[in-house]
Amino acid sequence: MKLSFEKFELKKKYPFTISGHTMLSQTVIYVTIEHGGYSGTGEASPGYYFNETVDDVINFYTSLVPDFEKFPNLDNRQAIMDFVDQKRPGLTAAKGGIDIALNDLYGKMSGVPCYKLFGANPATMPITSFTIGMDEPAMIRKKVREATDFKLLKIKLGGERDREIIEAIRAESDQPLTVDANQGWTDRQEALDMIHWLKEKGTIFIEQPMPADRRDDNAWVTEHSPLPVVADEAVQRLADVEKAKGVYHGINIKMSKCTGMLEGHKILQKARSLGLKVMIGCMGESSVAILGAAAIAPLCDWVDLDSSWLMANNPYEDPMLKDGRIILSDEPGLGLRKK
Ligand code: MG
């Protein structure tokens with residue numbers, strides 16, 4: 001098996017601000033795994049809150065090149081991922097890129113679309129949300145006008161202007177909303193008051209209302225909240241899922257947090273066994289990591305797989321979208337297409 005990789009700078013269509021941090025671009029690393037005349041593609045998007053840098057990903061991938069030469073076949077993808085996971089701690093985005101490439105390759109070699117590898121039925125795909133980045137009211141209204149292909153809008157709150165932002169959206173659209181506070185609310189009573197107001201404004205759930213390390217406050221908000229409350233920053237990997245029970249109504253799975261599709265699917269099953277709702281989301285990614293997540297998205301309650309549409313120079317075709325839902329390709333593997 002041969003592993004190779006290359007760095008790529010994804011440029012955002014609009015500067016993207018989350019809790020005071022503005023990004024103009026996102027460097028991702030595309031990873032290719034070749035075997036038996038086939039090749040699979042993955043994508044690592046090292047995120048700002050996992051302490052994982054682009055250089056970390058590249059150094060890790062460089063160290064894995066000789067290891068992959070020794071893997072005889074793809075029969076046991078989990079064993080390969082166990083090896084990759086144990087080789088170094090952390091680096092979940094890098095590991096996620098490897099997992100996505102392995103699954104794309106395995107799907108192509110077996111002639112099966114990736115969703116079938118995970119028992120997902122494309123007909124049950126929920127609508128995906130589309131993120132309206134924080135901005136001045138006039139720009140927010142412009143972004144909302146440009147988002148009419150999407151049937152659910154996601155808003156990042158957690159600052160001083162939360163109500164103003166929601167009013168700007170509501171001046172243009174009555175589509176349902178989801179709200180991600182990105183740990184930005186610091187007072188639990190104020191957070192709860194805001195959630196009640198957001199419900200009146202047509203919000204359907206809230207993501208990470210308060211800082212992830214404030215379990216008691218998040219649990220209190222969840223207990224009193226009129227809307228479902230979902231953990232994002234508080235739940236990263238399989239071992240974290242149990243901690244969400246009693247603190248949140250649900251969890252957010254992301255390829256770059258959880259090391260990819262194999263563990264993402266296990267997280268989903270674990271969350272279901274605990275009675276938790278499941279959302280699947282993304283970081284700043286192009287179609288590769290988005291289609292990896294989309295393959296298990298029909299098994300989830302809420303889908304937030306919008307980042308390829310937020311990029312100006314995605315080198316791959318965007319996922320197919322119909323009535324606000326990602327349509328999964330029947331082609332073997334992820335169904336990726338280069339532009
Ligand atoms: Mg989030």
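Me: Is the crossing in which α1 passes α3 left-handed or right-handed?
Reply: Helices are DSSP runs of H or I with at least four residues, strands are E runs of at least two, and both are numbered from the N terminus. A crossing is left-handed if the near helix is turned anticlockwise from the far one by less than a right angle, and right-handed if clockwise. For α1 passing α3, the crossing is right-handed.

Me: At what pLDDT do side-chain atom pairs count?
Reply: Residues are numbered from 1 along each chain as its sequence is written, and side-chain values use heavy atoms, leaving out hydrogens and water. The model is predicted: totals for chains, interfaces and linings use all residues, local features need pLDDT of at least 70, and side-chain atom pairs count only at pLDDT 80 or more.

Me: Which class of angle do α1 and α3 form?
Reply: Helix α1 (residues 54-70) packs on helix α3 (residues 92-110) at about 45 degrees, with axes 10 Å apart. Axes are lines fitted to C-alpha atoms over the stretch in contact, and angles run from 0 to 180 degrees between N-to-C directions. Under 35 degrees is roughly parallel, over 145 roughly antiparallel, 65 to 115 roughly perpendicular, and the rest oblique. The two helices are therefore oblique.

Me: Is N103 buried or exposed?
Reply: N103 sits in helix α3. Among the residues it touches, beyond four places in sequence, are R77, C114 and F118. Buried means under 20% relative accessible area, exposed over 50%, and partly exposed in between (1.4 Å probe, protein chains only). At 0% relative accessibility, N103 is therefore buried.

Me: What is the relative accessibility of I296?
Reply: I296 lies in the loop between α12 (287-294) and β11 (302-303). Its contacts, leaving out residues up to four places away in sequence, are F118, M255, M261, G264, H265, L268 and I280. I296 counts as buried because its relative accessibility is 0%.

How values were computed
Contact means heavy atoms within 4.5 Å.
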